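Keep the viewer open while you read.

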Amino acid sequence: MRTITDPWSPLRLASGATLRNRFMLAPMTTNSSDAQGRVTEDELRYLDRRGATEFGAAVTSCAYVHEDGRSWQGIGASTDDHLESLRAVAQAIGRGGALTLLQLYDGGRIALPGLVGPGGIRGPSPIPSARPDARTPRELHSGEIDDLITAFGRAAALGVRAGFDGIEIHGANHYLIHQFFSPRANQRNDDWGGDPARRARFPLAVAEAVRTAVGPAVTIGFRVTPFESEDGGYTLDDSALLCDRLAERGVDYVHISMDDFRKNSPQPEDRDWTKRREAVESRNPIAAIAAAVAGRSAVVASGGIRGLDDADEALGAGADLVAVGRAALIDPEWVDKMKAGQYQSVRTHLPADSDDIETALTIPGQMVKYLLSRPGWIPRIQGDDRT
């Protein structure tokens, strides 16, 4: 029988860092940086308020490692010009003493056409995304793949220079690393494509480049979508294999990306949040991935953590940490109220008015628009909206 983990107990990671508790502030898309990928004052206020609380760790929104891989208007980590911006982000998100983690990504075939250079959208294979009106990407050549691996390592080193305690590699949610692992997106005939072991080469090469760039004492995490719900996608057994090999390479934690840790519902590529989807996996990914890493890496559960009962359930299923995203958007002081036992004072819905969301919850206006573009994703008080 599994021992029940106290969510307020500390956790020591393989690289040596100790988290004061099992709660992690999840990475949330802000869509609010400037055109050069520098953090804005609105973003810093959002981060500062949540960073002042008692999360054990805090992860930034994902920062792009290459100018042509931008999927939204977020922070950059592609050149030294981003150093001061990243330093401000690290200071804000770590205000209260959390372990600070810079999340890195490349958008691949789901980069925004208006944000990429003349080379256009690129990906593992010339296969468009399932998103509406997706463009067919050009296939990355081997030299570009090597350059992207180097870019992840360079961005990780930049993050450490900026003051972050660690790096989270975004290998989930249909971004480039996910695309290389997916048989739907990657149909290459060279060493970067083929069976699951070959498709894992790019994610593993990125993890190795990041570890080499930052050294053994810096925390490294990897965010993974545990299986694809689309026809022909990779399976939970495939991702368990990937996580096993990530653990072999010294990744401190694996962050399982789910909309709800109970419902086995990974983010769909078409982003249609209203569509009913058939279950394609009966097992809970937490237990499967925890078994694969076998204690070598910590396991992070995400999606649907609204209170201590949810956290206890996720930890009981095999997770070592729980990532809290939407609950901390709705109530920036969520973790402090949980620790103090002030459960009745926790806000559970966004305000009805979008201006109130922005001002009362310290959320940038552009981020509010992004959040409200996903109907039903975050509970909201019903009422008239002036926007």
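Contact here means heavy atoms within 4.5 Å. With that in mind, Leu86 touches Ile75, Gly76, Ala77, Leu102, Leu158, Ala162 and Phe164, not counting residues up to four places away in sequence. This is a predicted model, in which local features need pLDDT of at least 70, side-chain atom pairs count only at pLDDT 80 or more, and totals for chains, interfaces and linings use all residues. Residues are numbered from 1 along each chain as its sequence is written, and side-chain values use heavy atoms, with hydrogens and water left out.

You will find Leu86 in helix 2 (residues 83-93); helices (H or I, at least four residues) and strands (E, at least two) are DSSP runs numbered from the N terminus. Leu86 has a relative accessible area of 0%, so it is buried (buried is under 20% relative accessible area, exposed over 50%, partly exposed in between, with a 1.4 Å probe and protein chains only). Its C-alpha atom is separated by 5.7 Å from that of Ala162, 76 residues apart along the chain.

Now turn to strand 9 (residues 166-171), where six of six residues are buried. Gly166, Glu168 and His170 lie on one side, with Ile167, Ile169 and Gly171 on the other, and both faces are covered.

| Partner of strand 9 | Sense | Bridges |
|---|---|---|
| Strand 6 (residues 99-105) | parallel | four bridges |
| Strand 10 (residues 219-224) | parallel | six bridges |

Which residue in strand 9 is the bridge partner of Gln103? That is Glu168, and the bridge partner of Glu168 in strand 10 is Gly221.

Technical notes:
Two strands pair if DSSP finds at least two bridges between them.
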